[in-house]
Amino acid sequence: MKSSRLEAFSDGVIAILITIMVLYLRPPKGTTIGALSRVVPIVLTYILSFLYLGIYWNNHHHMFQLVKKVNGAILWANLFLLFSLSLFPFATDWLGQTHFAVVPTAAYGVILLTAAIAYYLLQTAIIANQGAASALRTAVGRDVKGKISPLLYLAGVFSSFLNHWVAFGIYCLVALVWLIPDRRVEAHFRTEISADSDPDE
C-alpha cells in the first residue's frame, strides 16, 4: 500500500485537533489586567500543545518522505499515534482551566509520554518494514532525542507532584529540543534525490 492515504488522513486528523483546541480558548470575563491574568495559564497551555502538534506533524511529514509503502503494522502504529495526539485537546483544556493543578499537570505529561512511545513504535514499524537496509534507520542513527524525551516526560510527571512550574518547564524543554525537524532525515532525503537525479541535467 502506498503511504499517500496514510499521510493525508494524518494531516486531516492533526488539523482537526488544532481546530478543536482553538475552540476551547475564551476571552477574559472582564477588561482589566486581573481578568487577563486569569486566562494566562490557558493561553500558555494552548501555545505548548499547539507547538507539540506542530512538531509531530512536521516530523511525521519528514519521516514519511523516506517511506514509499506501508503495511498493516505501520497503519496500526500510526493510528495509535493519532489516538495519543487526540488526547491533547482534553489535556490542554484540563491543565489550563485548573491553572496547572497537580493531577492535570501529571496527566499532561503522561499523554506526552504516550505520544512519544507511539511515535517510536511507528518509527520502529517503518524500519522493520523497510528491512536491513532501512533508509529511515540510517537517517535517524542512534536517535538520541527519541530516547531521552520519554525520560524527561517521566521526570516532568514526577516533578508535577513537587512543583508544577518545574514540570511545565520540562515539557517546554522537550518541545524546544524537537522544534527543529531532524536534519538527518533531510540530509538523507537530499542524498537519495541526488543519487536518483541525472548527472547530465
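Ala, Val, Leu, Ile, Met, Phe, Trp, Tyr, Cys and Pro are counted as nonpolar, Asp, Glu, Lys and Arg as charged, and the others, Gly among them, as polar. The structure is a predicted model, in which local features need pLDDT of at least 70 and side-chain atom pairs count only at pLDDT 80 or more, whereas totals for chains, interfaces and linings use all residues. Residues are numbered from 1 along each chain as its sequence is written, and side-chain values use heavy atoms, with hydrogens and water left out.

The protein has 10 helices and zero strands, where helices (H or I, at least four residues) and strands (E, at least two) are DSSP runs numbered from the N terminus. The order of elements from the N terminus on is α-α-α-α-α-α-α-α-α-α. Of the 201 residues in the protein, 42% are buried; buried means under 20% relative accessible area, exposed over 50%, and partly exposed in between, with a 1.4 Å probe and protein chains only. A contact is defined by heavy atoms within 4.5 Å. Among contacts with a separation of 6 or more, 80% are between residues 24 or more positions apart.

Helix H1 spans residues 4-23 and has 20 residues. The distance from its first C-alpha to its last is 29 Å, close to the 28 Å expected at 1.5 Å a residue, the expected span being 1.5 Å times one less than the number of residues. Leu6, Glu7, Ser10, Val13, Ile14, Leu17 and Met21 of H1 are buried. These residues lie on the same side of H1 because they cover an arc of only 130° around the axis, the arc being that of the directions from the helix axis to the C-beta atoms. An α-helix has 3.6 residues a turn, so residues three or four places apart point the same way. Arg5, Ala8, Ile16 and Leu23 are exposed on the other side of H1. The packing partners of the buried H1 residues are helix H3 (40-63), helix H4 (72-86) and helix H5 (88-97).

Within H3, threonine 45 is buried, at 0% relative accessibility. Apart from neighbours within four places in sequence, threonine 45 is in contact with Thr92, Leu95, Gly96, Phe100 and Tyr108. Phenylalanine 100, one of these contacts, is found in the loop between H5 and H6. This residue is not a glycine, yet phenylalanine 100 has a positive phi of about 60°. Its relative accessible area is 2%, and phenylalanine 100 is therefore buried. Histidine 99 is also placed in the loop between H5 and H6 and, although not a glycine, has a positive phi of about 55°. With a relative accessible area of 38%, histidine 99 is partly exposed.

A cavity is a set of points where a 1.4 Å probe fits but cannot get out, and a pocket is an open set with protein on both sides within 12 Å along at least five of seven lines; in either case, on the 1 Å grid over the protein atoms alone, lining residues have an atom within 4 Å of a point. Grid points are joined across faces, edges and corners, and a volume is the space filled by probe spheres set on the points. By this rule there are three cavities of 30 Å³ or more. The largest cavity has a volume of about 180 Å³. Its lining has 15 residues, of which Tyr56, Ala116, Tyr119, Gly146 and Trp178 are the closest to the centre. H3, helix H6 (102-130) and helix H8 (144-159) each supply at least two residues of this lining, and the largest share, five residues, comes from H8. By class, the lining of the largest cavity has nine nonpolar, four polar and two charged residues.

Alanine 116 is found in helix H6 and is buried, with a relative accessible area of 14%. Not counting residues up to four places away in sequence, alanine 116 touches Tyr56 and Tyr153. The C-alpha atoms of alanine 116 and tyrosine 153 are 9.0 Å apart in space, at a sequence separation of 37 residues.

The largest pocket has a volume of about 210 Å³. Its lining consists of Leu23, Tyr24, Arg26, Pro27, Pro28, Lys29, Ala35, Arg38, Val39, Ile42 and Gln97. These lining residues divide into seven nonpolar, one polar and three charged. Leu23, listed in the pocket lining, is also among the exposed residues of H1.
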